[in-house]
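Notebook open, structure on screen. I'll jot down what I look up as I go.

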Amino acid sequence: MKKINIGGVPEHFNLAWYLTLKERAYEKEGISLRWKDYPGGTGAMCKALRSEKIDIAVILTEGIIKDIIDGNPSKIVQTFVQSPLIWGIHVAADSTYNTINDLKGTDAAISRYGSGSHLMAYINAENNGWDTDNLGFEVINNLEGAIDGLNKGKGDYFMWEHFTTKPLVDQGIFRRVDDCPTPWPCFVIAVRNELLAEDEETVKTILRIINEMTSDLKQIPEIDQMIATRYEQQLEDVQKWLSLTEWSQELIDEKTITKVQDKLLSLAIIPEKWDYEKLTHKIL
């Protein structure tokens, strides 16, 4: 058995991985694939890739591009979710902030520096005409940290995936004041360079299995009910999310990589742009 460690956020986007693991689809191909949840998101997964705790990550596009440029020895091998990620902008339920304009000049709670919640705070600020040099941040590690932190005044607002945080809005823990979609496909699959060099065939097999699952995911009977139960979501929210979400089975294209880098460079999040071939790897 070839042992491979993979990481991703414990969210509905990754149900396909759970289903293929449940079917023992990888074991049948001689691969012992071990999934690890990363509630801390992209920043935590970048760290895990660097320290070789995981070999593969299902990770936010902008986050892994930034980290590869910063020295992460990995490459993007495929887009996983083609549609944008809809980031909800949340405040504590009893906060005095009621509109997006009220948040100008306040501090964003972020999971960690270099995370999606950190990078998207810049995108949101630019969208609203704020001075990105004046953004303030409070590190809260993950969604649980945000629940505790925002209600204690640690950070003023918190950006996290709209549907993941919807139950917290329903429960009256957060209020959502706005949404901020990513301007590009949200999740990609990244693999450590060492694994690509040593055993590209195993990576190819893993991608084939997960792509077969995502190609047919929406056709699975009662998939909406399965997601609602597993991720403690309202059925109508899951149905809306499914209607907005498209998976991909293709390598991210050069135009998208350029678009992401142009935006990150304009916000001084990356120091330079890299060639497409240095950020991606085509599995043959």
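This is a predicted model: local features need pLDDT of at least 70, side-chain atom pairs count only at pLDDT 80 or more; totals for chains, interfaces and linings use all residues.

A268 is exposed, with a relative accessible area of 66%.

I noted a second case at E52, where phi is near 65°, again positive and again not a glycine. E52 sits in the loop between α2 and β3. Buried or exposed, or partly exposed? E52 comes out as partly exposed, at 48% relative accessibility.

**The sheet**

Next I traced the sheet. It is open, with five strands in the order β2-β1-β3-β10-β4 and mixed pairing. β2 (31-37) and β4 (74-81) are the edge strands, each with a single partner, so one side of each has no neighbour in the sheet. From one strand to the next the twist averages 25°.

I then followed the pairings of β10. Strand β3 (residues 56-60) and strand β10 (residues 187-192) run antiparallel and are joined by five bridges. Across that pairing I see I59 opposite V188, and A57 opposite A190. Helix α2 (residues 42-50) packs on this sheet and touches β1 (2-8), β3, β4 and β10. The direction of α2 makes about 150° with that of β3.

β4 and β10 also pair in the antiparallel sense, over six bridges. There I find I76 opposite A190.

How covered is β10? Mostly: six of its six residues are buried. I checked both faces: F187, I189 and V191 are buried on one side, and V188, A190 and R192 are buried on the other.

**Aromatic pairs**

I searched the whole structure for aromatic pairs and got 11. W17 with F80 is a tilted pair, 5.9 Å centre to centre with 35° between the planes. W17 belongs to helix α1 (residues 15-22) and F80 to strand β4, so this pair ties together parts 63 residues apart in sequence. W17 is buried at a relative accessible area of 1%, and F80 is buried at 0%.

Y122 and F137 gave me another tilted pair, at 5.7 Å centre to centre and 35° between the planes. Y122 is in helix α4 (residues 116-127) and F137 in strand β7 (residues 136-139), so to speak a link between distant parts of the chain, 15 residues apart. Y122 counts as buried at 16% relative accessibility. F137 is buried too, with a relative accessible area of 16%; the cut-off for buried is under 20%.

I also wrote down one aromatic cluster, made up of F13, F187, W241 and W247.

What does F80 touch? Leaving out residues up to four places away in sequence, I listed F13, N14, W17, V58, F187, V188, I189, I210, T214, W247 and S248. F13, F187 and W247 on that list are also members of the aromatic cluster.

**Charges over rings**

K36 has its charged end over the ring of Y38, 5.4 Å from the ring's centre. K278 lies over the face of W274, at 4.2 Å from the ring centre.

Notes. Residues are numbered from 1 along each chain as its sequence is written. Side-chain values use heavy atoms; hydrogens and water are left out. Two strands pair if DSSP finds at least two bridges between them. Helices (H or I, at least four residues) and strands (E, at least two) are DSSP runs, numbered from the N terminus. Axes are lines fitted to C-alpha atoms, for helices over the stretch in contact, and angles run from 0 to 180 degrees between N-to-C directions. Contact means heavy atoms within 4.5 Å. Rings of Phe, Tyr and Trp (its six-membered ring) pair if their centres lie within 6.5 Å; planes under 30 degrees apart count as stacked, over 60 as edge-to-face and the rest as tilted. Buried means under 20% relative accessible area, exposed over 50%, partly exposed in between (1.4 Å probe, protein chains only). A charge sits over a ring if NZ of Lys or CZ of Arg is within 6 Å of the ring centre and within 35 degrees of the ring normal.
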